[in-house]
Amino acid sequence: MHGNGGETHQQTAGGPKDPRLTTDQGIPISDNQNSLKSGTRGPTLLEDFVLREKIFHFDHERIPERIVHARGSAAHGFFELYESLSSLTRADLFQRKGERTPVFVRFSTVAGGAGSVDTPRDVRGFAVKFYTKTGNWDLVGNNIPVFFIQDAMKFPDLVHAVKMEADSGFPQAASAHDTFWDWASLMPESTHMLMWAMSDRTLPRSLRMMEGFGVHTFKLVNEKGKETFVKFHWKPKLGLQSTVWDETLKLQAADNDYHRRDLREAIDAGKFPEWELGIQTFDQAFADKQPYDVLDATKLIPEEQIPVRRIGRLVLDRNPDNHFAENEQVAFCPANIVPGIDFSNDPLLQGRLFSYLDTQKSRLGTANFHQLPINAPKCPMANFQRDGQMQMGVPKGRANYEPNSLASHGEEGGPRESALGFATAPGRSDRDEQGDKLRVRPELFADHYSQARMFWKSLTDNEQAHVASAFVFELAKVNLNDVQARMVGRLRNVDEGLAKRIADGLGIALPAKLRAAKEPIEMKPSPALSIQKNMLATLKGRKVGVLFAEGSNGGDIDRVIKQVEKAGGTVFLVAPKLHGTKLENGKELKADGQLAASPSQLFDAVVVILSAKGTQMLLKEGAAVQFVMDAFGHLKAIGHSDSARPLLDKAGVVPDEGVTGLSAVFVEAAAKRFYAREPSVRTLA
Ligand code: HDE
């Protein structure tokens, strides 16, 4: 019986080509609206296998989220090699100039759960799965070249400390709380990474505008077995760009999915995000001469010392079809490596080699997770592993062991080892003498401050002010006695000026300096570490928000759109009403977003095109005043029609080179941020 009381939801009639709705067993379903009941108003019957199957499946839709990096956004693409690297490595994907290897890339935040916001202050994961012809290679990196800890033993402690606190369950996706800083202030080795975490690196403007790093030292191995140490880098074609902290906080309110949407929209628009893969290569002799250990993941190798050689490009040109099947089920593992690439003895990397396989079994529930389409290699795969939960393959014959002589009996004998297979590079590893079993760290690992200081000295004044202010913001949220003093006392080893600024910002006396296990040495600044020194003044990949209202000049709007698009940018039209805004010329213009839902933090620059009447109307509209005020406060260019001036005045805009008319000067300004404006809009530490 269909429906009752005339309340049936009418399904739209299926077209002739629409597939038939069935159960998981393929049984056609005639009614997807009503459960089976005893009588019109009676109880639901146990017999209703259609309902039970549907609800059963729904009840089990979720799988455990990743313990870290739960929130991610992903895309498909390819890696294209610029030139053969055969002298350095026999890795198949690095042999032939111009060859493309398919990839799947997942960017993530670290601390928050799968449903957390896209823009906390956090490190970003940058994980790339290369589906090469000799198996999958996973380069599972971050957007920061160093890490918090030196030894895998400390990872669970780090993660417990940074995640929401165990008793209260908050804060979500934020390091600004007691347990994180309690732990961090007791871990001198985390100092260098803390400097990066408090810098603008953790506030990327877009996933498309951040660098990526393999972090650990790896090895390349050539045909002759020669080993070369290597560090991997991803360099974004759009240059580096970050948001300012106030903007980041407001982005959380404006769009929880800010980065996920930005990535998806860019790919949908055919503006494919692109990075270059770079390598720093060096040998043991170089490693031996450095004042740091190349096996220590809290250290980097300055680019000025070993330039980054760009060897190919990564292009993301296809969005996932299904978030769960691809983004959620993708299983990265640093142990997925191909012949021609090898691990170093970095103790953090060594721990990771165990962890990821283990975590996949727990998340995906079966040792057969490699059979999921997103994880399966795209090259032939054959071995004698058999059975297990959710076995998707149907292996033929009885060759499930090796050696076997079945082939000589006319049966399939199965796969065999090959001389071209993966062989661990035997080279006397990385400066370490092996033999005794010891729970120790190499002596050079004890220098925790030299590179933290180098990072600090490499930043612009404005970037330094952001770092100092971030420490103040985070530590001000700590309620445990002593933690602030302990942290600032430790930072005196990095830079006395930094420590003093943080102490001033917190309103505490400069605490005693904590003794360094090893006195830092002076290293040259590395300009490559600064974002502001590596920004591109371009509108490519950027978005301009244009605010208009009743009576705005249509010609002006058209001209701005043309200029911005010509410069490679995108325009987003904002108005108090989505539909039906009448312009001065009588034409109606539809906006892309309604004013209250489209605050200026969503844009890289803004334009305000208003008539005198429109301006009067918007002077009484908080969202319009805030739109302009925030654009100014977030150091963005503001182009405006003359008659919009009273709105700018009300928003406290003080004209500077970023505040322009509507001419070409605006387009030039829109490609930049105006950091010199910052001291006039907020107090930084
Ligand atoms: Fe991870 N990490 N990690 N990590 N990591 C995971 O694996 C772990 C580390 C990184 O988009 C987990 O599948 C240990 C450094 C990324 O799916 C887990 C240690 C770097 C991703 C795990 C580290 C990373 C993860 C959680 C210290 C930068 C997300 C879910 C020894 C080089 C990949 C999962 C994705 C994910 C363990 C340290 C990057 C638990 C034990 C250093 C980008 O296995």
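Tutor: Start with the largest pocket, which holds about 1900 Å³ of space. Of its 49 lining residues, Pro377, Pro380, Met381, Ala382 and Asn383 sit closest to the centre. A pocket here is an open set of points on a 1 Å grid over the protein atoms alone, where a 1.4 Å probe fits, with protein on both sides within 12 Å along at least five of seven lines; lining residues have an atom within 4 Å of a point. Points are joined across faces, edges and corners, and the volume is the space filled by probe spheres set on them.

This is a predicted model, so local features need pLDDT of at least 70 and side-chain atom pairs pLDDT 80 or more, while totals for chains, interfaces and linings use all residues. Residues are numbered from 1 along each chain as its sequence is written, and side-chain values use heavy atoms, leaving out hydrogens and water.

Helix α9 gives the largest share, eight residues.

Tyr356 belongs to that helix, α9 (residues 347–364); helices are DSSP runs of H or I, at least four residues, and strands are runs of E, at least two, numbered from the N terminus. The OH of Tyr356 is also the single protein donor to the ligand's iron atom, 1.8 Å away (donors are N, O and S atoms within 2.8 Å of the metal, or 3.2 Å for Na, K and Ca; water is not among the atoms, so sites may look incomplete).
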